[in-house]
Every structure is written in structure tokens, then in C-alpha cells.
Amino acid sequence: MCASSSAITDGNMNFFKRIFSSAPVRSRASFYAFAVQCDRCGEIVRGRINLDSDLSADYEGGHELYHVRKVLMGSDKCFQRIEVEFDFDSSRNVVARQASGGRIVETG
Ligand SMILES: [Zn+2]
């Protein structure tokens, strides 16, 4: 019977609608994307920072700073660890950045 199969489809639709309607409410996709180039093999490794959950607050001389540190690894051919650090101000603008094991080639 057609009736039962359409009921299942409707159920799935509602399920997905719930996911998509509830997800974007809080996380306005505030990600900071970047790419680093491996010092050893030249591979571009991409990473991103979740500006809501990855940052740790820091107070330097009365200024509010947010610090994040990430360790990236490229493909399995190269085991170089690339460590990146970013500092953000209270408006989530990058005020300092550095990398070891590679260099930052792209941000934004
Ligand atoms: Zn590499």
C-alpha cells in the first residue's frame, strides 16, 4: 500500500526538518578558517577554529584577549606536526598569530 510508505517519508522529512531548524539557532557558524603550509613537504593543511568553543579567555593589561592553539597534521605521508596559535580581541578579530612546523598561508 502506498499509504504506509508515504507515512515513513513524512516521518523522515520531519526528522530532518527538526535537525536543520534547530541547529543554526545558536551556532551562527562563527568559524575562523585558515590554512598552513607544511615546512617539510609543502602540503597545504586546512583547519578551522570554532570561535564559540575553542577560545580561552585571557586578560592582559586590562585587555580582553582570546587565545587558541591548534595542532594540525597533514596526510599520512608526512608526520610533521604543525602548531598554530591565534590571539583574538573581544570582537573576534585576529591580533596575533604564529605557527611552528609550517607557516600560515591563508586566513579568514
Ligand atoms: Zn608535511
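**Entry 1: Glu 64**

I started with Glu 64, which lies in strand β4. The model I am reading is a predicted one. Is Glu 64 buried or exposed? I found 12 C-beta neighbours inside 10 Å, so Glu 64 counts as exposed.

I then looked up what surrounds Glu 64. Setting aside neighbours within four places in sequence, I noted contacts of Glu 64 with Ala 57, Tyr 59 and Ser 90. I also checked Asp 89, which is 25 residues from Glu 64 along the chain. The C-alpha atoms of Glu 64 and Asp 89 are separated by 6.3 Å.

**Entry 2: the sheet around β4**

Next I traced the sheet of four strands. It is open, its order is β3-β4-β5-β6, and its pairing is antiparallel. I marked β3 (56-60) and β6 (94-100) as the edge strands, since each pairs on one side only. From one strand to the next the twist averages 25 degrees.

How many bridges join β4 to β5? I noted nine between strand β4 (residues 63-73) and strand β5 (residues 81-89), and the two run antiparallel. As one example I looked up Lys 70, whose bridge partner in β5 is Val 84.

I went on to β5 and β6, which are joined by six bridges and also run antiparallel. Here I found Phe 86 opposite Arg 97 in β6.

**Entry 3: Arg 92**

I followed the chain from β5 towards β6 and stopped at Arg 92, in the loop between these two strands. The hairpin of β5 and β6 has four residues between the strands. Arg 92 is not a glycine, yet it has a positive phi of about 65 degrees. I made a note of this because most residues other than glycine have a negative phi. I also looked up the exposure of Arg 92: with 13 other C-beta atoms within 10 Å, Arg 92 is partly exposed.

**Entry 4: the sheet of three strands**

I turned to another open sheet, made of three strands in the order β2-β1-β7, with antiparallel pairing. Which strands stand at its edges? They are β2 and β7 (102-107); each has a single partner strand, so one side of each is left without a neighbour in the sheet. The twist here averages 35 degrees from one strand to the next.

I counted five bridges between β1 and β7, which pair in the antiparallel sense. Phe 34 has Thr 107 as its bridge partner in β7.

**Entry 5: the nonpolar core**

I looked up the largest nonpolar core and listed its nine residues: Phe 34, Val 36, Cys 38, Val 45, Ile 49, Ile 82, Val 84, Phe 86 and Phe 88. Two or more of these residues come from each of β1 (31-38), β2 (44-50) and β5. Which element gives the most to this core? It is β5, with four residues.

**Entry 6: the chain as a whole**

Last, I noted the overall figures. The protein chain has one helix and seven strands, and from the N terminus on its elements run α-β-β-β-β-β-β-β. Of its 108 residues, 10% count as buried. I also looked at contacts between residues at least 6 apart in sequence, of which 39% join residues at least 24 apart.

Note on methods: Residues numbered from 1 in each chain as written. Predicted model: local features only at pLDDT ≥ 70, side-chain atom pairs only at ≥ 80, totals over all residues. Pairing = 2+ DSSP bridges. Axes fitted to C-alpha atoms, helices over the stretch in contact; angles between N-to-C directions. Buried ≥ 20, exposed ≤ 12 C-beta atoms within 10 Å, placed from the backbone. Contact = placed C-beta atoms within 7 Å. Core = buried A, V, L, I, M, F, W, Y, C linked by C-beta atoms within 7 Å.
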